[in-house]
Amino acid sequence: MTYQCLCSQAPGAEELASMAGQKALLSDRCCRTAFIGHGKKPGAAAWRLPWKSFEQSKVYLENGGSAIMKGHAQRALWEETRYVLASELRFTHHRISPQFCCGQHRGQPLRMLVEALDRGDVTPQDLCMLGVPFKGRIHVLNNRRLKAFQEHEQHRIASGAGPVVVPILVFSLCPMTAKFILSYSTTSDGMYVDVGY
C-alpha cells in the first residue's frame, strides 16, 4: 500500500489510477495526496510521495504518456527558440539565491546583472535562456537570469520604455522520463521485486 500524489481534483488523476490498475481514494489528510490501494485506509507506516510526484504525473499526461505506453503514439522530442516577454515566463524554483553560483556571472550578486541590463551593457540576446513547456506556460531553467530580466523589464516600463522580449530555447518534456521517475521505487537496483499488497 502506498501514497501517491494524485489529487482527485487534478485532470488525469483517475487515468493515472486506472493505469496502475488500482482505485484512487482522496486522502482525508491532504487534498494534494490520494491513497492508491484497494479501498483500505493506510497505516501510519504508509509511504507518501512528495508533491513533485503530482507534478511529474502532469508531465506524463500532458506529453501523451498514456498513448505512448499503449503503443498508440510515438514519443516526439523537440527544441525550438521562442521570443517571449520576460513577464510571461515562469520560474521553476520557489526561492533563489541573491548571488549567482555558476555560469558567467558566478559569484556576482543578482543586482549587478539587473544594473548591466538597465545600462545596456548586457542584452537578452547575450544570455542563454533555457526552458520547458508545462501547463501551457514556459518555465525557465535559469531562474536568477529570469529574475534579473523581470526586474529590468519593470524598470523599463516605469521609465516609459517597452517590455523586454527574451529569446529562450525551449525543450519538450519527455513523458517516459516522468513515468520512470514516478515508477522507480526499487530498493535493490531493480534486481528483485516483492509481490503483495
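Visitor: Which exposed residues does the face of α4 turned away from its buried side carry?

Guide: This is a predicted model, in which local features need pLDDT of at least 70 and side-chain atom pairs count only at pLDDT 80 or more, while totals for chains, interfaces and linings use all residues. Residues are numbered from 1 along each chain as its sequence is written, and side-chain values use heavy atoms, leaving out hydrogens and water. Helices (H or I, at least four residues) and strands (E, at least two) are DSSP runs, numbered from the N terminus; buried means under 20% relative accessible area, exposed over 50% and partly exposed in between (1.4 Å probe, protein chains only). On the face of α4 directed away from its buried side, the exposed residues are Arg-111 and Arg-119.

Visitor: Against which element do the buried residues of α4 pack?

Guide: Leu-110, Leu-113, Val-114, Ala-116 and Leu-117 are the buried residues of α4. Viewed down the helix axis, they fall within an arc of 160° (taken from the directions from the axis to the C-beta atoms), so they line one face of α4. Their packing partner, with contact meaning heavy atoms within 4.5 Å, is α5 (143–158).

Visitor: Is His-105 buried or exposed?

Guide: His-105 lies in the loop between β4 (79–85) and α4 (110–119). Beyond its neighbours within four places in sequence, His-105 contacts Phe-100, Leu-113, Leu-127 and Arg-145. With a relative accessible area of 8%, His-105 is buried.
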